[in-house]
Amino acid sequence: MTAWSLRLTEARSGLDVTIELLEKKAPANVAFLRNLLAEPCEMPAIHAIWTGPEISCPIPSALVPPELAEVPLPPENATLTPQPGDLVLAYVPARMWGGSPSPIFDLGVFYGPGARMLFPIGWLAGSVIGKVLPQDLAALTEGCIAIRQQGACTLRFEAK
């Protein structure tokens with residue numbers, strides 16, 4: 001496995017950061033994301049309600065190929081209390097949340113202290129799959145605060 005990273009951008013807020021992926025700590029979850037993001041991808045995102053300082057990016061089920069959706073993601077490098085700069089992939093099996101017939105995949109970009117993986121269905125450990133580069137943490141915080149103030153947005157993920 002070779003290390004890789006993502007460029008995360010959002011036009012209105014000016015968010016532009018690099019995320020180092022943690023392949024050794026979360027190999028199955030990073031492989032899922034690598035397959036999903038074979039090409040640059042834009043996804044709708046919102047500021048989270050339950051988890052605190054997080055921009056939540058629920059991955060639209062139409063973007064998840066059936067061969068990826070059929071394989072449950074194991075918890076790897078799991079956390080209930082994400083730290084600033086963490087990229088967390090949360091996986092919810094089909095029918096667990098609101099009876100959704102498809103599994104739910106959510107990318108969370110955490111930008112401040114006090115975050116928690118608390119959802120309407122209860123506590124749900126997520127896999128920390130990446131870390132924003134230390135030199136980009138201030139830009140992450142600034143961009144995410146702008147997103148919180150401006151409302152829903154579109155995040156762009158691009159492999160570097």
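Predicted model: local features only at pLDDT ≥ 70, side-chain atom pairs only at ≥ 80, totals over all residues.
**Entry 1: the pocket**

I began with the largest pocket and looked up its volume, which comes to about 260 Å³. Rolling a probe the size of a water molecule over the atoms shows where empty space is left. Next I wanted to know which residues lie nearest the centre of the largest pocket. They are Ser 56, Pro 58, Trp 97, Asp 106 and Phe 119, out of a lining of 18 residues.

I then sorted the lining of the largest pocket by residue type and found 13 nonpolar residues, three polar and two charged. Which strands supply at least two residues each of that lining? My list reads E3 (41-47), E4 (54-58), E6 (86-92), E7 (104-110) and E8 (118-119).

**Entry 2: the cores**

I turned to the largest nonpolar core, which has 37 residues. Leu 107 and Leu 155 have the most contacts inside this core. A second, separate core holds ten residues, and Ala 90, Phe 110, Phe 119 and Val 128 are among them.

**Entry 3: strand E10**

I picked strand E10, residues 126-132, and asked how many of its seven residues are buried. The count is six, and the strand is mostly covered.

Then I looked up its pairings, one at a time.

- E2 (residues 15-21) pairs with E10 in the antiparallel sense over three bridges, and Ile 19 stands opposite Val 132.
- E5 (residues 78-79) also pairs antiparallel with E10, over two bridges, with Thr 79 as the bridge partner of Gly 126.
- E6 runs antiparallel to E10 and is joined to it by four bridges; here Leu 89 has Ser 127 as its bridge partner.

A reminder to myself for reading the sheet: in a regular strand the side chains alternate between the two faces of the sheet.

**Entry 4: two positive phi values**

I checked the backbone for positive phi in residues other than glycine and noted two. Asn 77 has phi near 50° and is found in the loop between helix H2 (66-69) and E5. Arg 95 has a phi of about 70° and is found in the loop between E6 and E7.

Are these two buried or exposed? Asn 77 counts as partly exposed because its relative accessibility is 30%, which falls between the cut-offs of 20% and 50%. Arg 95 counts as exposed because its relative accessibility is 58%, over the 50% cut-off.

**Entry 5: Ala 69**

Last, I looked at Ala 69, which lies in helix H2. Its relative accessibility is 22%, so Ala 69 counts as partly exposed. Which residues is Ala 69 in contact with, leaving aside its neighbours within four places in sequence? I found Val 64, Pro 103 and Phe 105. I also looked up the separation of Ala 69 and Leu 21, which are 48 residues apart along the chain. Their C-alpha atoms are separated by 21 Å.

Terms used
Residues numbered from 1 in each chain as written. Heavy atoms only, no water. 1 Å grid on protein atoms, 1.4 Å probe; cavity = no way out; pocket = protein on both sides within 12 Å on 5 of 7 lines; lining within 4 Å. Points joined across faces, edges and corners; volume = space filled by probe spheres on them. Nonpolar A, V, L, I, M, F, W, Y, C, P; charged D, E, K, R; others polar. Core = buried A, V, L, I, M, F, W, Y, C linked by side-chain atoms within 4.5 Å. Buried < 20%, exposed > 50% of the residue type's maximum accessible area, 1.4 Å probe, protein only. Pairing = 2+ DSSP bridges. Contact = heavy atoms within 4.5 Å.
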